[in-house]
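Here is a briefing on one protein model and its ligand. Please keep the sequence and the structure open while you read.

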Amino acid sequence: MSNVAPSSPEKLAAGNWKMNGTSADLSILETIIRDLAPEAGAGALICPPATLLSAAAHLSKATPLRIGAQNCHEAATGAHTGDISAEMLRDAGATHVIVGHSERRADHRETDDAVRAKAEAAQRAGLTAIVCVGETEDEREAGRQIEVVTSQLAGSLPDGATADRTIIAYEPVWAIGTGKAATPADIAEIHGAIRSALSTRFGAQGSAMSLLYGGSVKPANAAEIFAVENVDGALIGGASLKAEDFLAIHSALAAG
Ligand code: PGA
């Protein structure tokens, strides 16, 4: 970990394949690797299921594409049948790990405390944690989106989080997989609130953390979303399963 904050957040297009993909789908990565613009001023990351991590990392070795995981256990080793530690993910070739995705918060009842422990584990293993936050539709309708997101953020980030090891993804639950992305005004409001909370708590490190938007990002809306202040990239679900869509989103980010 570096104590010197980068001067500005890194731009990143991150794909989250969720529970999709078998070895036949490594061809998607081959296409992305082949066509990824080498000079692009934006990073590219794909998070395949754990079963494909080693093969994906092997394919992307010595290319600009980085490989991440979708979850980790908080402990380094131990009697946790079926779980995978951050150290194991790193050993398999991951550089990043998503923690606290809303599907895990909902399906596995992960609390902010659990997410923070996973983010700490990622730091311990030398991985960059992509920490997800986002309100539900009911919370937004009640006008509680800022309160919900800033409270998740406060509880999910470890003290001492640094910009080189921490990325925040704002993913409104109602926009995930629905085809209905948040509007630029919605995104600007929340990303502004997140940036200000990060800068207050972490100083220059918080000002330099990348803030990704996630939820129905596609080639058609990417440029508009990337033009929003405090948006440094995207966490892309469905569209990252199509090489040409992921590449188009990455190009929109690099061009913005
Ligand atoms: P989506 O998923 O792009 O398919 O809406 C985003 C996510 O959950 O990371």
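Trp 174 counts as buried because its relative accessibility is 11%; buried means under 20% relative accessible area, exposed over 50%, and partly exposed in between (1.4 Å probe, protein chains only). This is a predicted model: local features need pLDDT of at least 70, side-chain atom pairs count only at pLDDT 80 or more, and totals for chains, interfaces and linings use all residues. Residues are numbered from 1 along each chain as its sequence is written, and side-chain values use heavy atoms, with hydrogens and water left out.

**Trp 174**

- Trp 174 sits in the loop between β6 (166-170) and α8 (184-202). Helices (H or I, at least four residues) and strands (E, at least two) are DSSP runs, numbered from the N terminus.
- Not counting residues up to four places away in sequence, Trp 174 touches Glu 135, Thr 136, Glu 137, Arg 140, Lys 180, Ala 181, Ala 182 and Asp 186. Contact means heavy atoms within 4.5 Å.
- The side chains of Trp 174 and Glu 135 are joined by a polar contact of 2.9 Å. A polar contact is a pair of N or O atoms within 3.5 Å; within protein, one must be able to donate a hydrogen and the other to accept it, and residues adjacent in sequence count only if both atoms are side-chain atoms.
- Val 99 is 75 residues from Trp 174 along the chain, and their C-alpha atoms are separated by 19 Å.

**Glu 135**

- Glu 135 lies in the loop between β5 (128-133) and α6 (137-141).
- Glu 135 is buried, because its relative accessible area is 0%.
- Its side chain makes a polar contact of 2.7 Å with that of Arg 140. Another, of 2.9 Å, joins the side chains of Glu 135 and Tyr 170.
- Beyond four places in sequence, the contacts of Glu 135 include Gln 145, Val 148, Val 149, Pro 172 and Val 173.

**His 191**

- Helix α8 holds His 191.
- His 191 counts as buried, because its relative accessibility is 0%.
- A polar side-chain atom of His 191 lies 2.9 Å from the backbone oxygen of Asn 230.
- Leaving out residues up to four places away in sequence, His 191 touches Tyr 170, Leu 211, Leu 212, Tyr 213, Glu 229, Asn 230 and Val 231.

**Ligand**

- There are 13 residues around the ligand, and Lys 18, His 101, Glu 171, Gly 177 and Ser 216 come nearest. A residue is near a molecule or strand if one of its heavy atoms lies within 4 Å of it.
- Oxygen atoms of the ligand lie 2.7 Å from a polar side-chain atom of Lys 18, 2.6 Å from a polar backbone atom of Gly 177 and 2.8 Å from a polar backbone atom of Gly 238.
- On its own the ligand has 280 Å² of accessible area, and the protein covers 94% of that. Accessible areas come from the Shrake-Rupley method with a 1.4 Å probe; for residues, only the protein chains shown count as cover.

**Nonpolar cores**

- The largest nonpolar core has 66 residues; Ile 32, Ile 168, Ile 194, Leu 198 and Phe 226 touch the most other members. Such a core is a set of buried Ala, Val, Leu, Ile, Met, Phe, Trp, Tyr and Cys residues joined through side-chain atoms within 4.5 Å.
- Helix α11 (residues 243-255) gives the largest share of this core, 6 residues.
- Apart from this core lies another, of 11 residues, among them Ala 14, Cys 47, Ile 98 and Cys 132.
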